[in-house]
Amino acid sequence: MIRQYELVDRVRGYDPDADEDLLNRAYVYSMQAHGAQTRASGDPYFSHPLEVAGILTGMKLDTASIVTALLHDVVEDTKVSLEEIEERFGDKIARLVDGVTKLSRIELQTDATRQAENFRKLLLAMSDDIRVLLVKLADRLHNMRTLGFIRDAEKRRRIALETLEIYAPLAERIGIHAWKEELEDLAFAEVNPDARTSIATRLDYLRSKGGADMVGRILDQIKRALAEAGIEAWVSGREKQAYSIWRKMEQKSVAFEQLSDIMAFRIVVADVPACYNAVGVVHSRWPMVPGRFKDYVSTPKRNGYRSIHTTVIGPEQQRIEIQIRTREMHEIAELGVAAHWRYKRPGDPADGAQYRWIRELLEILEHASDPEEFLEHTKLEMFQDQVFCFSPKGDLIALPRGATPVDFAYAVHSEVGNTCVGCKINGRLAPLRSKLENGDQVEILRSKSGHPSPLWDSFVITGRARSALRRYVRQKEQEQYLDLGKAMVVKGFRDKGHEASDKALAAALPVLKIKTVEELHVAVGRGEITVRQVVEAAIPGLKSEAETPAPLPALAKGKGKKPEGEGAVAIRGLIPGMAINFAGCCHPLPGDRIVGIVTTGKGVTIHTIDCEQLERFSDAPERWLDVSWSEGGETPGVHVGRIRTVLANEPGALSELTTVIAKNRGNISNLRIITRSQDFFEMVVDIEVRDLKHLANIIAALRATKTVSSVERTRS
Ligand code: MN
C-alpha cells in the first residue's frame, strides 16, 4: 500500500501548491470509513481507493481529483453520507464524489454491452466534470488489475466485456492511450485467453526467429542513424499489443502470419524541423513501404493528434512502424486531455476550469479521426442536450433534454404511450410531466382503458409523442364527426319519410363519389356535404321535385330557369381533379366575382374577390388561381348565402321570415340572433341558394314584407 506521506509527496512533486491538509484528511477519513472491509483479494478495502489515487498521480492530476479518488467508494460502500462529505471536504469535492458514485450505480443496473454507444454517451453526459470520468476510469483500471481475485467467472467476463466495449474506448476517446492499452490487455486475457495466448506464442516465435531482443537491436540502429545525422532524439520501441493485433486480424481478416509489422518505434525530437530531418534519415536508410506514410504534423488529425507515421523494411528485413513527433506532441498524444489541460492551465484552476475541461473534451471528441467516429461525435454535440434513461429491463433510451415520462413511453412504443396512465421514476410514483434526468430508471404504468390526454401536449417535447397525440386527437375528432353525421343523416331521411338504410346510403355513395358509408357520415358531420345532398342522391326523383323552382316574379323577368347539367363544369379556370371548397368567410355564390386560392393537399378555396381574408395571401401570388363561374353550368354542391336582417320584435315576425325564404326555395341552414331589443331583433341567417341571383330574389322578397325592417347580404 502507498503510505500517506508517499502519496502527498507524489502530488507535491508535480504540484507544489497542492493542498496537503486536504489530502491527509481524505486519506485518514477514507481509511477509517472503509474500516475492516476487505477486497476479493483479501486486502483491506482501503487499498483500492488508494491505488486509484496512485494511478491518478501518474497523470499528475490536481488535489481535488486525488481526494475524490480516495473518497470515491465511501458513499456507495460505507455508512457515510454525501452530506457528511460535503461538510468535511466542501461542496466541490462532494460534487465530484457524487458524480463517481452515480456512475458506479449505473454500472450496476445494466447489461451495458448491448448498447455500448449509448452507454458511453451516458457516462460522458453524467461526467459533467471530466475529473469524474478520470477517477472512474482509474477505478476501472485498478479493478481490472485485480480482476483475477473475483471467483465468479460470469462476473469476471461481464466486467471484462464492459471494459472492452465501454471503458477502453472512453479512455482512448479522451486520449489516455496507456490506460486504453492496459484495460484492453487485461480484458482480453479474461475474455479470450486462448487467442491472447496464441498471439503471444506467435510473438515469441517471431522474437526467437529474429534472435533475442530484436526490438532492442533495431532500436540501437535507429538511434545510431539519428545520432550520425546529428539529430537529438529519444527513441523507444515495442511490440504491438496482443489485443490490437487480434482486432486487426478480426477486422481485416488477415491471418496472423501475414501481419508482419508487429513492432512499432517512436522517435521523439525537439522541434518540428527535427521531425522532418528524422524522416529523411529513416527513409534514406531503409526502404519505405508505399502507402503507409502519413504526415499528421503538417495536417493534424481532427482530434489534434500530431505525428509522422511511416513503415519501412527495417534493418532485419522486418516491417516496422515508426512514429516521429516532438516532445509536446508526444505528451498530448499520451496523456490526452489531461496534458492539454496542464499545458494551458492558468494560475487558478478553480476558476471555471471544469467547464474548460469539458469544452476541450468536447472539442476533441467532436473532431474525431475517422469519418465513422466523426459522425458519432457530431451527435455528441447534441448529447449535452440529451438525457439517457433506462427501461425496467435495462434498455437505454436517449431522449432530448427536458423530456418527460410520456416522451419516454412513446419512445419505447406508441402503444405504450397510448395506454400510459402514470409512471414510476427510480421506483417512485412521479407526475407524467416530470423532467427526466440522466440515468433515471423509468417504468410506465399502463392500463387497457388508458388513453392519451390532450393536456400532454403542453409538456411533451419529442416529435414522436407530439405526432402520436395529434393522431389520437384527429382520430377522436373523426369519431365525433362520424356520430354527428350519422345522427344528421338519420334525421334528414326521417324528415322526408324515408329510412337511412344501408341500402339507401349505399346507393348514394357513387353519386356523391364517396367510398364508404362511414366516410359519408364523416363528410356530413364535417359539413363537407349536406344531408339534403345525401337524401337526394339516395332517393332518385326527390331531387327534381325539390329542385324545380316555381317561377318567381324576379326570376321570370331574368333568363329564367337554368338548365340542369349534371357534371357540367361550374367554375372555369380550375385544374381538373382539384378539390373545391367554398370559403366560410365570404360565402361566394355563383354570380359573385371570385378568385381561387390553392392550398396544397386541400385543393382550391373559392373566395369572393372582395373578401378581406385574401390579404393573407398577398405575398403568395403563385397560389392565386383565376377562376370564374361558368355561364349556364351547374355549380357543385349547395351554396350558402348569408344575410343580416333586422326584424320587428312582434308575434309572427320570425315565421313570416322563414315562410318567405321557404316560398322562394331557400333553405335555412343556420339562424343566429345577434341582438334583441324591445322593438327589434337583429339576426344572421344562412340560406342555401343556387346562386347570387337566387339570394337577391330572397332579399327582395324579404324587403317586401311588413315585419322586416332591413335586410342585406353580409360577409360575417
Ligand atoms: Mn472503486
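Gln386 stands opposite Pro400 in S7. This is a predicted model, in which local features need pLDDT of at least 70, side-chain atom pairs count only at pLDDT 80 or more, and totals for chains, interfaces and linings use all residues. Residues are numbered from 1 along each chain as its sequence is written, and side-chain values use heavy atoms, with hydrogens and water left out.

Back to the strands. Strand S6, residues 386-390, runs antiparallel to strand S7, residues 396-400, and five bridges join them. Two strands pair if DSSP finds at least two bridges between them. Helices (H or I, at least four residues) and strands (E, at least two) are DSSP runs, numbered from the N terminus. S6 and S7 make a hairpin with five residues between them, and in the turn Gly394 has a positive phi of about 95 degrees.

Next, the sheet. Three strands form an open sheet in the order S9-S8-S10, with antiparallel pairing. Strand S9 (428-430) and strand S10 (442-446) are at the edges with a single partner strand each, so one side of each has no neighbour in the sheet. On average, neighbouring strands of this sheet are turned by 40 degrees against each other, direction ignored. Strand S8, residues 420-425, pairs with S10 over five bridges in the antiparallel sense. In that pairing, Lys424 stands opposite Glu443 in S10. Helix H19, residues 405-412, packs on the sheet and touches S8 and S10; its direction makes about 80 degrees with that of S10. Contact here means heavy atoms within 4.5 Å. Axes are lines fitted to C-alpha atoms, for helices over the stretch in contact, and angles run from 0 to 180 degrees between N-to-C directions.

Which residues of helix H1 are buried? In H1, residues 4-14, they are Leu7, Val8 and Val11. Seen down the axis of H1, they fall within an arc of 95 degrees, so they line one face of the helix. The arc is that of the directions from the helix axis to the C-beta atoms. The face turned away from that side carries the exposed residues Tyr5 and Gly13. Buried means under 20% relative accessible area, exposed over 50%, and partly exposed in between (1.4 Å probe, protein chains only). The buried residues of H1 pack against helix H2 (20-34), helix H3 (47-57) and helix H4 (63-71). The axes of H1 and H2 come within 10 Å and cross at roughly 145 degrees.
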